[in-house]
Amino acid sequence: MITTQKINNYIDKIPPAPLALKKTIFLLNKGELIQAAKAAQSDLALKAYLKNLVNKAVYGFKNEVSDISQIFGILGVSGSQQAVYNYMISLLSPSKWQLFKLNASSFENLQANLSKKWQMILAHLEIKDKDIESAITLLPASIIVSEALFCEKIEDVNILRTAKALDYNTILQRLCNKDLFDICEQISIKWEMPSKIAQIVQASSGVKPSENEEIDKLGKWMHLLLFYELSQAQNIEAGLNDFIDFQVEYIGDIYEAFSTLMDIA
Amino acid sequence: MRAIVKNGIGIFIPQGFLDGNKTSSFLSIEDIEATSNLKVDMILVSLKKVVFFNRNGLDAFVKMFLKVRAANHATVGFCDIDKKKYNAILKFYKDDINFSIFKTEEIATLFAANYKNQNRSVLLYSEDKSQRSAMAIELHDNGHNPVIAQSESEFLNKASAQNAYDVIIEDTYLGQMGQKVATRVTGNAIIYTVSSFLDVEIGNTFNIAYHNNSLNVGFRLFIFDAYKVVSMNIHALNFFSKLASSAAEYNATICFVGMNFEKTPPTFKETLEDSGIMFFEQMDDILQDKELLKELGASAGANIKNKRVINKGIVTELPNFIDATVATIEMMTNSKAAKEKAEVHDIIIEQTKDKIASSIGFYGDIDGMVILVFPTNIAKTACELLIGEKTDDMELVLDSLAELVNIVGGKIKTLLLDEDISVDITLPRTYPNIESLLEITQGRKGVQVDLSFDNDKFLFFLTR
């Protein structure tokens, strides 16, 4: 159904990050927000994406924000880096979703909700690290990879899943000895993202705990946050609720803190 | 969201947070309709992957339970819950609880009468005395040995004894149990469960088309689990007499187990015996007696008297059958299939060693049977995706092979439906060796297609 060759072909086809993006990230890393905004201006699609993103309800701005330097100024260095990475990941999304009932707008909403809530979590954990803040941006890549690999096999997968509760990650692991999160890591390497991002996302799979205590803790929060989002009505309807396996035991020790933070009654 | 079906139990496994109005997103109208049409005797919603729920969150599933039970009398409920979740569900629904709650899926299966796991030693406790009795009766009826703890301290004391019980039941509540003519397979015997009053309704609730096609596929032993039957009237007597006559044409045996004749005229038993039906007191009297099983036909199929020939209708659809099979095996093994030849004749298997087989019947607009013969190593590879690891346990491989053939059957059904041909599929039958398969296929002509998967030979046979 899915072969290692197919996965390799998929990764090979991922284009390198556009120059304007690379430059924007580079300048953001140096803390030069104004220069970064200038670099971002040259990529019209990025400009439109950022404008659309920060004006979503979840960001809570009263007035429309349209100028890139203004957006970067509001978001700060780490928030801007997170937003640019979100845009990079969105470049991988298909023009038409088939496996999941998503579209460009609903995928952006998912990205925005994850990013905003991840910021809340990091504030609660008193972590100020722009790479850790950006780690959440790689997580939705697992959804895009599932879509890309399985969209031609929807019927097969559906029939298989009537006989056995197998999630896409497990199917891929059993067939190719490589899972969705390994592919996300490959993407992050190709796009020269900081290695910490991939480490946290690997841990957030829930099946590969990290030996690094801090990474593992962040992996747990990210795993639970993912399922909190995947339990939202629009994501359940999109068919995302069971695309990977929720590891309830893995998040046992942080659940209470999470539910308090998210105000879950 | 759709249920995963195994051993006559359909199970939903939602994940994450069930609150507010979200759960209606889990179940569309089509999902509920499809669940109501499932041929299962239990529908469960597992809460093992749910970290938070409230009453609103469970309501969509509870509404589905009511619809399913009204449609097909299946037992319905939640499973995989801890004490906190158990108490929460009881609190939410209080006196209005009309579904069951099982602490684990394993406990639920004890009440679904899966004879594969029968004769388990079970310790049970519930604060509610009537619940304790109800559970004990159900378990006993299903062939288990329940021990009731009368108090919590007695329960804790007994439960602490290591390895004293196969299963320990607590945090479990029995709602209304199903009344369906349920079907399950153990070995190669088909067991139907009947209960309460057997009257003219049996003609409506018993799936005669399914039964006939099970005969055609090669099942030869049909057991009616009648422990819970209160009485039988003349209409039911006529129904079973006719069923026995038609079974005789296939050399098949029909048995009744646990039937009590206190409220049924004894002459009925004589009439049924005259028509060829056998009576046993206990299920074990049949299932644990290998010699008797063999004699009754559950180990192999006997020759069929009225052999049928393949017809144009089936041959026209051959590409669909091949496509479904090839696509499934390719999907499960990640290999490429090559078709070698296709011919019409009796089944010819050149090398019979290290091969296993499975068959599945289909009926409806067209009817027939697909037989798949696998080299054991391909079967093991194909089942690896379902099992999750390599195994040499042949029983597990045969079980998984049955699931795989079920997937093939499901795919055939879908492909045929695309051409407006509606069929249902029977339960799959497995054959641990070729000799047992040949007893079924002897004298049957069909289309044999030899395929190879990465040079491993694989045989597909389509017959009626």
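**Ground rules.** I number residues from 1 along each chain as its sequence is written, and chains are lettered from A and ligands numbered from 1 in the order in which they are written. Since this is a predicted model, local features need pLDDT of at least 70 and side-chain atom pairs count only at pLDDT 80 or more, while totals for chains, interfaces and linings use all residues.

**Entry 1, domains of chain B.** I looked up the domain assignment of chain B and found domain 1 (4–169), domain 2 (182–296) and domain 3 (312–463); such bounds come from an automatic or database domain assignment. Over C-alpha atoms, the centres of domain 1 of chain B and domain 2 of chain B lie 29 Å apart.

**Entry 2, the five-stranded sheet.** Next I followed an open sheet in chain B with the order β1-β2-β4-β6-β7 and mixed pairing. For my own reference, strands (E, at least two residues) and helices (H or I, at least four) are DSSP runs numbered from the N terminus, and two strands pair if DSSP finds at least two bridges between them. The edges are β1 (4–6) and β7 (100–102) of chain B, each pairing on one side only. From one strand to the next, the twist averages 30°; axes are lines fitted to C-alpha atoms, for helices over the stretch in contact, and angles run from 0 to 180 degrees between N-to-C directions.

I then walked along the sheet, pair by pair. β1(B) and β2 (9–12) of chain B are antiparallel, with three bridges, and I4(B) has I11(B) as its bridge partner. These two strands form a hairpin with two residues between them, and N7(B) in the turn has a positive phi of about 50°. β2(B) runs parallel to β4(B), joined by four bridges; here I11(B) is partnered with L44(B). β4 (42–46) and β6 (75–79) of chain B also run parallel, with five bridges, and I43(B) pairs with V76(B).

**Entry 3, the three-stranded sheet.** A second open sheet in chain B has the order β9-β8-β10, with parallel pairing. β9 (145–148) and β10 (167–169) of chain B each have a single partner strand, so one side of each is left without a neighbour in the sheet. Neighbouring strands are turned by 25° against each other on average, direction ignored. β8 (121–124) of chain B pairs with β9(B) over four bridges, and V122(B) stands opposite P146(B). Helix α6 (129–141) of chain B packs on this sheet, touching β8, β9 and β10 of chain B, and its direction makes about 165° with that of β9(B). Contact here is between residues whose C-beta atoms, placed from the backbone, lie within 7 Å.

Is α12 (195–203) of chain A enclosed or open? Seven of its nine residues are buried, so α12(A) is largely enclosed by the rest of the structure. Buried means 20 or more other C-beta atoms within 10 Å of the residue's own, exposed means 12 or fewer, and partly exposed lies in between, with C-beta atoms placed from the backbone. The buried residues of α12(A) pack against α7 (130–138), α11 (180–190) and α13 of chain A.

S105(A) sits in helix α6 (104–124) of chain A. S105(A) counts as exposed because it has 10 C-beta neighbours inside 10 Å.

How values were computed: Two residues are in contact if their C-beta atoms, placed from the backbone, lie within 7 Å.
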